[in-house]
Amino acid sequence: MSKKGFSLVLILTMLVFSVLTGCTGNNAEEVDNSSEGAKIEDVTIKFMYLWPEGSSRQQNMIVNEIIDAYQLANPHVKIVQEVLENEQYKTKLQVISASNELPDVGLTWPAGFMEPYVKGNRFTPLDDILTGGLKDSFVPGTTEAYAINGKTYALPLELNIVPLYYNKAIFAKYNLEAPKTYEDFLKVVDTLVKNNVVPIALGNRDRWTGSLWYMYLADRLGGPEVLTNAINRTGSFEDESLIKAAEEVQKLVNMNGFVRGFNGLSNDEGKAEFLNENAAMYLMGSWELPNFTTNDEIPQEFRDNVGYFKFPTITGGKGDIDSWVGGPGVGLFVAENSPVKEEAKKFVKFFVESWGQQAVSRAGVTPATAVDTSKLQLPQLYIDVLNDLGRASNMTLFADVQMSAAVAQTHLDMIQSLFGNQVTPEDYAKKHEEALKADSK
Amino acid sequence: MNRVMEKKRTGIRVYKPNPKLSKPSIGATAAKGILYFLLVALAVIQIFPLVWLLFFSLKNNQEVFNTPPLALPTNPRWENYVKVWTRGNIGQYFFNSVWITAVAVIITILLASFVTYAITRMKWKYSSLVLGIFMVGMMIPVHSTLIPLFSLFVKTKLIDKPAAIVLSYIAFNLPVTIMILLGFYYTLPREIEEAAIIDGCSVNRMFFKIILPMTTPVMATTAIINMIYNWNEFVFVNTFISSDKYKTLTVGVQNFIGQYGADWGAIGATLVISILPILLAYLVLSDRIVEGITSGSIKG
Amino acid sequence: MDKVMGDKKVIALYVLPALIVIMTLVYSPIVMTGYYGLMKWDGIGNMEFIGLNNYIRLLSDPLFWNSVYHSFLLAIFSVISLMGYLTIALVLSGKIKGASIFRKLYLVPMLLSSVAIAQLWMRIYHPTNGILNSLLSFLGSDNIPLWLADQKIVLYSVFIAIIWQYAGFYILIYYAALKNIPESLIEAARIDGASPWQIAYKIKIPLILNVIKVTVVLAVVGSLKYFDLIYVMTYGGPDGASEVIASYMYKQAFRSYNFGYASAIGFFLLLICLVITWLIRRLTASDEEIQY
C-alpha cells in the first residue's frame with residue numbers, strides 16, 4: 001500500500017519532468033525538420049531587436065514589413081525574431097555573448113558599448129557590404145561611430161541630435177524669446193523663476209539626461225574638441241573649460257533652473273513636467289519629436305506650442321551654434337560566429353536600404369541614412385530638425401557612449417553629484433581624469 | 001507537553017470559555033476600539049495599492065504623471081485594456097504563466113517537503129551538512145547565475161524551452177521553501193510517528209498519509225510565496241527564453257517599455273490583468289492556512 | 001524506530017532529487033562565479049587569469065564598501081521590522097472579529113510585482129504631486145523633503161518601501177506558525193488567567209521560536225542580496241547614495257563590463273551571507289527542539 005502511494009507520487013513527478021523534457025525533444029525535432037527539410041540551402045536568420053509591439057508599434061510594424069518583403073524575395077530565408085525591452089536587451093546580449101550564442105543579426109550601440117564585443121571577436125566587419133554605394137547613403141560621419149581600427153562593425157539605423165525644446169505659449173506669456181546667447185538664456189531662466197514657472201524639465205535619476213546639459217556647456221565654452229580629446233586621452237579632463245562647464249551647471253542649479261527634485265526623477269517623470277506645461281524648456285534628443293507632432297495622446301494645443309532652439313552660444317566661448325550633441329543610436333551588427341554570415345549580411349543591407357524613409361515618415365525615427373525631405377509629408381518640426389542636422393558643423397557623440405563602459409559609469413554618477421551640489425567642479429573634473437587614466441592603462 | 005499531546009492524539013480538544021473574560025471592563029473596550037481603529041487604518045493602507053493600480057491602468061501617460069495618484073481618472077481609458085489584449089500575445093503569456101507557475105510550485109513544495117522531512121525526522125550522519133548545502137543555495141545573487149546557467153542550458157539543449165525556467169524556479173525556490181518548512185517540521189509531535197511505526201507503518205506511508213496532511217498550513221504558506229515569486233519573475237524568462245510562444249506575463253509588461261519612454265497606462269492594465277489570477281489563487285490558498293490545522297489534527 | 005527512520009535507501013530517495021536539482025542549477029553557478037572572480041573578463045569575449053587581483057581591488061574600492069554599509073543597514077532595518085510583522089501576526093491570530101478578512105487584506109500588496117511597487121512608491125515620493133508631499137504641504141509643512149533626490153534620506157525612503165514590500169511575506173509565515181499552535185494550549189493559559197500579552201510572550205513566541213530564527217536568517221540574507229526596488233527606483237543613486245551590494249554588482253557586471261570583478265563581489269557576498277548565517281545560528285542555538 002505505502003509503496004504504491006509513494007511510487008504514485010514518484011511517477012507523477014517523473015511524468016511532469018518528462019512532459020517538460022518531452023516538450024524539449026519534440027521541439028528540437030521540429031526545428032531539425034524545418035532546417036534539414038526539402039531544400040538544402042534553406043537558412044534561418046535569428047534577429048534580435050528592441051522595439052516591442054506595445055510601446056514601439058510603428059517600428060515593430062516596419063521591421064515586420066521589411067522581414068516579410070525580404071522573405072518574399074528570398075523564399076529560402078526564414079527570419080526568426082526576438083524582441084526585448086531596452087534594459088533587458090542589453091543584459092541579455094551580454095549573457096548570450098559570453099556563451100558565444102549571439103543572434104545572427106542584432107542591434108548594438110556605437111563606440112563604448114560595442115567595443116568589448118568587437119575586441120572579443122563577436123561582431124563581424126561589414127565593410128564589404130558598405131562598398132558599392134551603400135556607404136554614400138548614410139549621413140557622412142555616422143558609420144564611423146561604429147568603426148574600430150578602421151573596420152565598421154555595425155550599420156546605424158538612427159541618428160539623433162539634441163535640440164532645446166521650449167513651450168512657445170509660456171515664453172509668449174512672459175514676453176520671452178528663444179535666446180541666441182547663453183546670457184539671454186540665463187535671463188529667460190531668471191524671468192521664469194521670478195514668475196514661479198519651472199524653467200527646465202529634467203529627470204536626472206537616469207543621469208545621461210543631465211549629461212546632455214554638461215556636454216553642451218563644455219562644447220560652447222571649450223569648443224567641439226575639448227570633451228572628445230579628454231575622453232580619447234589626447235587632452236585632459238582637468239581642462240579649464242571642462243571645469244568651467246561644471247561651474248555653469250551648478251550656477252544653473254542654484255538659480256533653481258531645474259524642476260524640483262530632478263535627481264530623484266526618471267526621464268519619463270521629468271519629461272512629463274514639460275508635456276504638462278509645468279516646465280518651459282526640455283533638452284532632449286530628436287527621438288521625442290513624435291510626442292511634439294504626431295502623438296495623439298498628447299493634446300493638440302500643446303503640440304502646436306512646442307518649438308526648439310539651438311543651444312545658445314557663450315560669449316568668449318569657442319563653441320559654434322551649429323555644433324550639436326547627438327549621434328547615431330542603435331545599429332545592426334552581424335555575429336562573427338553566425339553560421340549564415342553571408343545571408344545575414346545581405347539581410348542587413350536590405351534592412352538598412354528599406355529602413356530610412358519608412359522610419360522617418362511612419363515611426364518618427366530620424367534615420368542615419370540621408371532622407372530627401374522634399375519627397376515626404378513631414379511635420380514642420382521634423383523638416384527643421386532634419387535641415388539643421390544637414391547644416392551641423394559638428395556632432396559630439398553622447399559622452400556616456402563615447403567613453404568606455406566603466407568610465408561612463410563614473411561620469412554618470414559624477415553628473416548626479418554635480419547637479420546635486422555634492423561635488424566641487426574641480427573634484428568633478430579630477431574624478432573623471434582619474435577614471436580615464438585608470439581605464440587607459 | 002506530553003499531556004497536551006495525549007489530548008491531541010485522542011482528538012479531544014479542550015474548549016471552555018473563561019467566565020472571567022466574558023465581561024470586559026471599560027478600559028478593555030477602549031483598548032479594543034483603538035485596536036480596531038488601527039486594524040482598519042492598516043487595512044485601508046494595504047488595500048490602497050490595488051485601487052491605485054486600477055486607477056493607474058485607466059490613465060494615459062499625461063494623467064499618470066500630472067494628476068494626484070489617487071485621483072479618479074476623469075476620462076477612464078478602457079482602451080488601455082484593449083491595447084493590452086490586441087498588441088502582443090497576452091493570451092499565450094497568460095497560459096504559460098499559469099502552467100509554469102503551477103508546475104514549478106507543486107514540484108518545489110513536494111521536493112522541499114521530502115528534504116525537510118528527511119532532515120528533521122530521519123536519523124543520518126549528513127543531515128546538517130545537506131541542510132547547509134540547501135541554505136547556501138539562497139545566498140547567491142540571481143545576476144551571478146545568468147551567464148553560467150545560460151551556458152548550462154545551451155549545453156543541455158534546454159535553452160528556449162519551458163523546462164529551463166521551470167527547473168530554475170524549482171532550484172532557486174527550494175532553499176527558502178525548505179527553510180520555512182523547517183521551522184514547522186521541528187514542531188511536529190514525534191509521538192505520532194512513534195505510534196505509526198509501532199503500528200507497522202512504513203516511512204513513505206507515514207509521510208504521505210500523516211505528515212503531508214498535517215503540514216497543509218505551511219505548505220499553503222510556501223505555495224503562496226512560491227507562486228508570487230514565480231508569477232512575477234522575469235529575469236530568467238528573458239534570459240533563457242527567446243520564442244514568444246514560451247514567454248510569460250511579465251514579458252507583457254515589458255512589451256510597453258520603449259527605447260526612450262514607456263506607455264504607463266498600458267503597463268498598468270497589464271499589471272491589473274496579471275494580478276487577478278494570483279489574487280484568486282491567494283484567496284483560496286489563504287484559507288488552507290487555517291483549515292489545514294483542524295484537518296491535520298483530526299488525522300493525527 | 002531508529003531502524004525505520006534511518007533507512008538509507010529511503011533517505012536517499014527523499015533527499016537526492018532536490019539535491020541533484022540544486023547541485024546542477026545552483027552550485028554550478030556558484031562554482032563558476034568563484035572561477036570568474038579570478039579572471040579579468042568583460043563578460044563578453046575572452047578572459048584572462050589574474051589570480052586574486054579582483055579581491056584585492058575589492059578591499060580598497062570605496063564604492064563597494066559604501067554599498068556593503070547600505071546593505072548591512074538594510075539587514076538591520078529588516079530584522080527590526082520583523083518585530084512589527086510579528087506583532088501584526090499576533091494580533092491577527094488572536095480572537096479578533098474579522099481577523100480572516102484583515103489577514104487577507106494585509107497580504108494583498110505582496111502580490112504586486114516589483115515593477116508595480118516601484119511605480120507606486122515613485123508616485124508617493126514624487127517631489128511635486130506625490131502623495132506624501134501633497135499631504136505634508138496640506139498639513140502646512142514648508143520644509144518638504146525630496147525623498148528620492150536628497151542623498152541623505154534616499155536610502156531610508158527606499159528602505160521603507162522595501163520593508164512595506166516584505167510585510168506580507170513575513171506576516172504570512174508568522175501567521176501560519178501561530179495558527180499551528182494547538183488552540184488547547186492557549187485556552188489552558190487563558191483559563192489560568194493569563195492576559196493576551198502574557199499568552200503572546202510566554203506561550204506563543206517561545207513556541208514559534210524556530211520559525212522566528214528562520215525568518216531572521218531569511219531577512220538578513222534577503223537584505224544583503226536585495227536588488228529589485230533599489231535598481232528600479234533610484235539606480236542606486238543619486239551618486240551611490242542608495243547603492244547596495246547587488247545593485248553595485250549588477251552595474252559592474254552588465255553596465256561597466258567588469259564581469260570578473262562583479263563575480264568576485266558576488267562570491268564575496270555569498271561568503272558574507274554564510275558567515276552571518278552561521279553566526280545567527282550559533283547565537284540562537286538551543287539544545288531542544290520545541291514540540292507541542
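Which residues have the most contacts inside the largest nonpolar core? I found V115(B), I171(C) and Y174(C), in a core of 326 residues. For my own record, a nonpolar core is a set of buried Ala, Val, Leu, Ile, Met, Phe, Trp, Tyr and Cys residues joined through C-beta atoms within 7 Å. Buried means 20 or more other C-beta atoms within 10 Å of the residue's own, exposed means 12 or fewer, partly exposed is in between, and C-beta atoms are placed from the backbone.

Helix 8 (residues 154-179) of chain C gives the largest share of this core, 19 residues. Helices here are DSSP runs of H or I with at least four residues, and strands are runs of E with at least two, numbered from the N terminus. Domain 1 (40-158 + 329-371) and domain 2 (161-326 + 398-440) of chain A both contribute residues, so the core lies between them. Those bounds come from an automatic or database domain assignment.

A note on sources: this is a predicted model, where local features need pLDDT of at least 70 and side-chain atom pairs count only at pLDDT 80 or more, while totals for chains, interfaces and linings use all residues. Residues are numbered from 1 along each chain as its sequence is written, with chains lettered from A and ligands numbered from 1 in the order in which they are written.

Of its 441 residues, 52% are buried.

Last, I looked at helix 6 (residues 127-136) of chain B, where V130(B), F134(B) and M135(B) are buried. On the other side of this helix, S128(B) and L129(B) are exposed.
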